[in-house]
Amino acid sequence: MYLCVPCSPEGVPRLFDLVRVKDECFRPVFYFALRDTLVADNLEQATRIAYGKTRHRVVTLTGQLIETSGRRPSLVYQTCCNY
């Protein structure tokens with residue numbers, strides 16, 4: 001049902017595959033939003049993957065995003081909660 005990145009560059013995982021849901025009926029919602037976004041350790045690795053032979057949407061562990069168009073949104077969303 002969901003597209004697969006059979007040989008993802010550098011063996012990085014898809015963000016969608018890292019999401020765990022309590023109710024499987026919500027998986028399509030997450031796939032719609034995340035698609036085949038790959039998760040890289042850092043911006044250097046993300047850049048290699050995003051601009052490789054095949055373009056990929058890549059996010060780093062710190063939240064930096066590279067779109068398939070090559071655009072890098074400048075805002076990184078971080079949540080700070082002090083409870």
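**Figure 1. Contacts and surface across the whole chain.** Among contacts between residues at least 6 apart in sequence, 28% join residues at least 24 apart. Keep in mind as you browse that this is a predicted model. The protein has 83 residues, and 29% of them are buried. Its accessible surface comes to about 6300 Å², with 57% of that belonging to carbon and sulfur atoms.

**Figure 2. The order of helices and strands.** Here you can follow the chain through three helices and three strands. Starting at the N terminus, the elements run α-α-β-α-β-β.

Figure 3. Between S1 and strand S2 (residues 58-60), the pairing is parallel and spans three bridges. To find your way along this pair, look for leucine 38, which stands opposite valine 58 in S2.

**Figure 4. A nonpolar patch at the surface.** Phe26, Val29 and Phe30 together make a nonpolar surface patch of about 290 Å². Valine 29 sits in helix H2 (residues 27-34). This valine 29 counts as exposed because its relative accessibility is 54%, and exposed means over 50%.

Note on methods. Residues are numbered from 1 along each chain as its sequence is written. This is a predicted model: local features need pLDDT of at least 70, side-chain atom pairs count only at pLDDT 80 or more; totals for chains, interfaces and linings use all residues. Side-chain values use heavy atoms; hydrogens and water are left out. Patches are made of residues with over 30% relative accessible area and no salt bridge: like charges are joined within 9 Å, nonpolar side chains (Val, Leu, Ile, Met, Phe, Trp, Tyr) within 5 Å. Accessible areas come from the Shrake-Rupley method with a 1.4 Å probe; for residues, only the protein chains shown count as cover. A salt bridge is a side-chain nitrogen of Lys or Arg within 4 Å of a carboxyl oxygen of Asp or Glu. Helices (H or I, at least four residues) and strands (E, at least two) are DSSP runs, numbered from the N terminus. Buried means under 20% relative accessible area, exposed over 50%, partly exposed in between (1.4 Å probe, protein chains only). Contact means heavy atoms within 4.5 Å. Two strands pair if DSSP finds at least two bridges between them.
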